[in-house]
Each structure stands twice: as C-alpha cells, then as structure tokens.
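I opened the model and kept notes as I went through it. The entries follow in the order I looked things up.

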Amino acid sequence: FAGAVATVEFLMYFDYFARRDYGDNYLTTNASEIANHLQHVVYAINQPAAARGYQCVRADTTQLSTPEGYKYLHELKEDDKCYVYKEGKIEIETINKLNIYDDFDGELIQFKGRNYQQTVTPNHRVLYKKPNSQKYDIKEAHLLKGHSKLSLPIGSKGIDRKDYPIQDSILKLCVAVLTDGSIEKYEDYNNFSGRISIYKSKNRFGYDEIKEWLEENGIGYSILESKGNDFGELVTYRITKEESQLILRYLKHTKKEIPFFFKLLSKRQIEIVIDTWSKFDGNNDEKHIQLLQCDNEDIREMMQELATLAGYGSEIYDRKMKTYDGEKDCIVKYVKIFKRKDKRVSEYNMIPFKGTVWCPSTDAGIVIFREENKIPYISGNSVFWNISIYDKPYFDAMFSDFKFPDFTAPDWSTVNG
C-alpha cells in the first residue's frame, strides 16, 4: 500500500481492542485469533492501493433487494431505498453511496452450496454464522475461504411492523382468488365491478375453509357442483356481484399481479399469505419447504420478495409439465420457500473476472443480494472509508473508554474536523 505505516501507533490501538475482545492475557488465551488478525493486517497493508475499495459484487450478475423489487446497478441511484439486515431483522434504509469500480481485473471468490451461491471480491465483507453458535459475525471473504463448516445466512427474523388493517379471513380470500379464482368483468371496470368465482376440488384444502371465510364476513355466495377431473368433484363458489366488491377493491380488479398492499403486511400476515398460497396452489411441508406456483413472472418476483420480508430463504425455478388434458407441454413457475435460516458452503471456487464490480453503502452495513441463480443471500456492503457523520455512533462505541498514553481521550469533533 502506498505510504508509510505507523507500526507503533497501530500496535497501541490493536492492544486496546484486543484487550476489549479477549481480555488482558489475549496473547496466551487467544493466540490463534490474534495471529489471524495480524495476518489480516499484513494482507491489507500489502494490498494495491487501487483495490482498497473492492468490497464488491459483480455488476453483470448481481441484484440488490429493494422495495421496488430486485435491481441491477444500472437501475439504482444514491438515495434509493433498499432492504437491509439489522440485528437479525429486515428493515428499509437509504443507499448512502454506490461504490463502482469499472477496472477490476482479478479473481472473485465464489461460495457455493446446495441452493446457494455468493460471488464476491476477496475483501468483500461476508456475514457468516459463527461455528457452534447462533451468533453471526463479519469477515472478509478471503478469510473465510476454505472453511470446512461455513454457514452463510439466507433468512432472518423478518420485517418488524404492525399488522396492515385487513382481517385474516379477507386476506385468505384474496389469496384464494389469486390462485384458484376468476373475475368476471363488467362495463364499469374502473369502479371495480364484477363477480368472483373460486374453484375448488372437494378433496383438496380450501373446500371447507372458503365457506368459513365467506360466512365469517357475511359474504353471500352460491355453490355450483360439477363432475370434475383427476382432483375429484369440483365446486364453484360464486360470490354475489355486490359483495365481490369488497375483495375486488383489495385486488384492484385483477389477478394478474399481486396487490401492492401485500408489501405493507406484517411478518405474521405475510406468513398467512405464503401458507395459504402453498396449500391452494403449490405444496406445503410446514417443517421444511413450501412451493408456491405462480401464473406469471411478476407474481413470482413479488412472492419471492414477500418470502424475504417473512424471514424465509427462497429460490425460483421453472418446471416443465403437461397440461390437464396431457396433450401439451407447459412451463410452470415456482417459488421454493426454505424454512432454515442458513446454508452450508460445500464448494469454494476462484472465478477470473474482468469488468465492473460494485457495492452500496448503507448505515446497517448488511444488505440482500441475488445472483443469476435467483437465490437471495444476506451479505455485507461497503463502508465509508473516510470518517463521516455516519461513523459517529461507531466511533463513540469503539472509543468509549480508550485513553492515549497522556490519558486524553479521542474527541469526535477533532477527528471529524
């Protein structure tokens, strides 16, 4: 690294933080950890100056999770909002800075496992689960490469907010319409006029539940029965035209997209949506995996975002199947929900790459990315290298009891000049 290294001053600061973390006898009790930290310092000061900011991901394959969906670098700007991971929960913060480096030419580290992939620069800040612990920590990627039992997070405690003002039974009816319903449109479309029908086999989940949800809300309906198909006798619940309006106003008179208010639901309500959806149109194994079948790509993207807000890991994929009559092939779109919060890394690859790498800076310091395999992962983001107003809470916390040899303490106003 260009410039002199003040070794004496470094050791003074190192001693202070080592004692805080490991106690006064850290050279005896934690020799391995101290050696690892010092090796990290040697690596950092010998790193080329031009690469100091490369705490990054690939621009061509990596997206950032935002309230408007997953976005590539060219779709983002500073002051946009994005989802962050803070104290185990999902929150929304502002992107303070977009750190972009067009001249990266080297190797990236790729962490791979079953249903997992994270590809980053060697000094990218990676969030990982500490061995034999439920706690998480951050290390640079090159320090984690090769670990035999490395687990990286894909889930969280979810988003922490109050319930959206909607009854659970109405929310479930909205899901029933989106998955197994139809909307008959009338001329006064802009006034949300129309009539809802929901189709259900007698031997599948929803046959009894739909009646309960309708009657709980005093919604009038009639029942039509038909011979059915391989799933058994079919029942059609036809909701009266007038009372269909209650649900249609929530759905904006369409089942081709997920209503925006779903993004405003609490974690508990989103769990209801995912659970109901998987039982109506997908597959439900409550202990391990849930499958959500989606009619189009926009719906699938939204359902994966909701999975993140609920704290679940997920992936999206296509499955080639036959139509009901068995005569034609069709592509069915799925979101697979993972209940476990972490994925074990089983493979480490060095990927040659020449091009643009990037990373956002947020106050939380941890965001949610997604690569071309469409599996979200939680990882660190670039920090502010220069001391700034964003660093004051960290400055105060780190140097709360630090004293120089003359017994004076670091002063924020002096350092931040």
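**Entry 1: a hairpin**

I began with strand β8 (residues 125-129) and strand β9 (residues 136-140), which run antiparallel and are joined by five bridges. I am working from a predicted model, so every entry here describes a prediction. In this pairing I found Tyr-128 opposite Asp-137 of β9. I then followed the hairpin of β8 and β9 through the six residues between the strands, where Asn-132 has a positive phi near 55°.

**Entry 2: Leu-152**

Next I looked up Leu-152, which belongs to strand β10 (residues 151-153). Is Leu-152 buried or exposed? Its relative accessibility is 0%, and the cut-off for buried is under 20%, so Leu-152 counts as buried.

I listed what Leu-152 touches, leaving out residues up to four places away in sequence. The list includes Val-126, Leu-127 and Tyr-128, and I noted that residues 125-129 form β8. Phe-111, Tyr-116 and Gln-118 are also among the residues touched by Leu-152. Lys-341, Asp-342, Lys-343 and Val-345 are on the list as well.

**Entry 3: the whole chain**

I stepped back to get the totals. The protein has 417 residues, and 46% of them count as buried. I counted eleven helices and 22 strands. Of the contacts with a separation of 6 or more, 65% are between residues 24 or more positions apart.

**Entry 4: α5 and α6**

I turned to helix α5 (residues 168-180) and helix α6 (residues 207-216), whose axes lie 9 Å apart at an angle of about 130°. The two helices are therefore oblique to each other. I recorded the crossing of α5 and α6 as left-handed. From α5, the contact uses Ser-169, Lys-172 and Leu-173; from α6, it uses Ile-210, Trp-213, Leu-214 and Glu-216. By class, I have four nonpolar residues, one polar and two charged in the contact of α5 with α6.

**Entry 5: a four-stranded sheet**

I traced an open sheet of four strands, in the order β15-β16-β18-β17, with antiparallel pairing. Which are the edge strands? They are β15 (282-284) and β17 (313-322), each of which pairs on one side only. The twist from one strand to the next averages 25°.

Inside the sheet, I found six bridges between strand β16 (residues 289-294) and strand β18 (residues 329-338), an antiparallel pair. Gln-293 has Tyr-334 in β18 as its bridge partner.

**Entry 6: α8 and α9**

I then looked at the helices on this sheet. Helix α8 lies across β15, β16 and β18, and runs at about 70° to β16. Helix α9 also packs on the sheet, where it touches β16, β17 and β18, and its direction makes about 150° with that of β17.

How do α8 and α9 meet each other? The axes of α8 (residues 267-280) and α9 (residues 297-310) come within 9 Å and cross at roughly 135°. That angle makes α8 oblique to α9. I noted a left-handed crossing for α8 and α9. On the α8 side, Lys-267, Ile-270, Glu-271, Val-273, Ile-274 and Trp-277 take part, and they meet Ile-299, Met-303, Leu-306, Ala-307, Leu-309 and Ala-310 of α9. My tally for the contact of α8 with α9 is ten nonpolar, no polar and two charged residues.

Methods:
Residues are numbered from 1 along each chain as its sequence is written. This is a predicted model: local features need pLDDT of at least 70, side-chain atom pairs count only at pLDDT 80 or more; totals for chains, interfaces and linings use all residues. Side-chain values use heavy atoms; hydrogens and water are left out. Buried means under 20% relative accessible area, exposed over 50%, partly exposed in between (1.4 Å probe, protein chains only). Contact means heavy atoms within 4.5 Å. Axes are lines fitted to C-alpha atoms, for helices over the stretch in contact, and angles run from 0 to 180 degrees between N-to-C directions. Angles under 35 degrees count as roughly parallel, over 145 as roughly antiparallel, 65 to 115 as roughly perpendicular and the rest as oblique. A crossing is left-handed if the near helix is turned anticlockwise from the far one by less than a right angle, and right-handed if clockwise. Ala, Val, Leu, Ile, Met, Phe, Trp, Tyr, Cys and Pro count as nonpolar, Asp, Glu, Lys and Arg as charged, and the others, Gly among them, as polar. Two strands pair if DSSP finds at least two bridges between them.
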